[in-house]
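Dear colleague,

I am passing on the structure we talked about, and I would be glad if you looked it over before reading my notes below.

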Amino acid sequence: MTSDPRPGVLTCLDGLLDRAPADRGGALWRLAEEGRQLDANVIRLLPHAEVAAHVEPDLDVLVQVLEGSGHLETAAGRQVLAPGCTAWLPHGARRAVSAGPDGLVYLTVHRRRPGLSVRPAPADAR
């Protein structure tokens, strides 16, 4: 049997919220291993906080609600978010997220963004 050079990562999120200060919103955890093809984040929105409407032009995003409640606003309308809800947000789709009175904690997963690179200027710009 050979050793797998990239064994993967096991992260138990139990206790993550207990360890994070109650007044801390934003990314509580993120996948950070080198060479990965995915990005993943656990995000906490404090009570009544919002992620303003925006469009992700390049990436599909999968959202899994872990705790709390809130709403997801898309072209399909306003939808309730609760623990266990999973949403697929296709690239190019407008979306906004708002937390309810107890806040909202969710996991996002998407293809990793390519790193920034220097590219030659388009021919018509020279």
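The notes that follow cover the charged contact and then the strand pairing.

Please bear in mind that this is a predicted model, in which local features need pLDDT of at least 70 and side-chain atom pairs count only at pLDDT 80 or more, while totals for chains, interfaces and linings use all residues. Residues are numbered from 1 along each chain as its sequence is written, and side-chain values use heavy atoms, with hydrogens and water left out.

The structure holds one salt bridge, a term that stands here for a side-chain nitrogen of Lys or Arg within 4 Å of a carboxyl oxygen of Asp or Glu. It joins the side chains of arginine 36 and aspartate 39, at 2.7 Å from N to O. Arginine 36 counts as buried because its relative accessibility is 18%, and aspartate 39 is buried as well, at 14%; buried means under 20% relative accessible area, exposed over 50% and partly exposed in between, with a 1.4 Å probe and protein chains only.

As for the strands (DSSP runs of E, at least two residues, numbered from the N terminus), two of them pair if DSSP finds at least two bridges between them. Strand 7, residues 94-111, pairs antiparallel with strand 2, residues 38-45, over eight bridges, and within this pairing valine 42 stands opposite leucine 107. Strand 3, residues 50-55, is also antiparallel to strand 7, with four bridges, and here valine 55 faces arginine 94. Strand 4, residues 61-74, runs antiparallel to strand 7 and is joined to it by 10 bridges, with glycine 68 having leucine 104 as its bridge partner.
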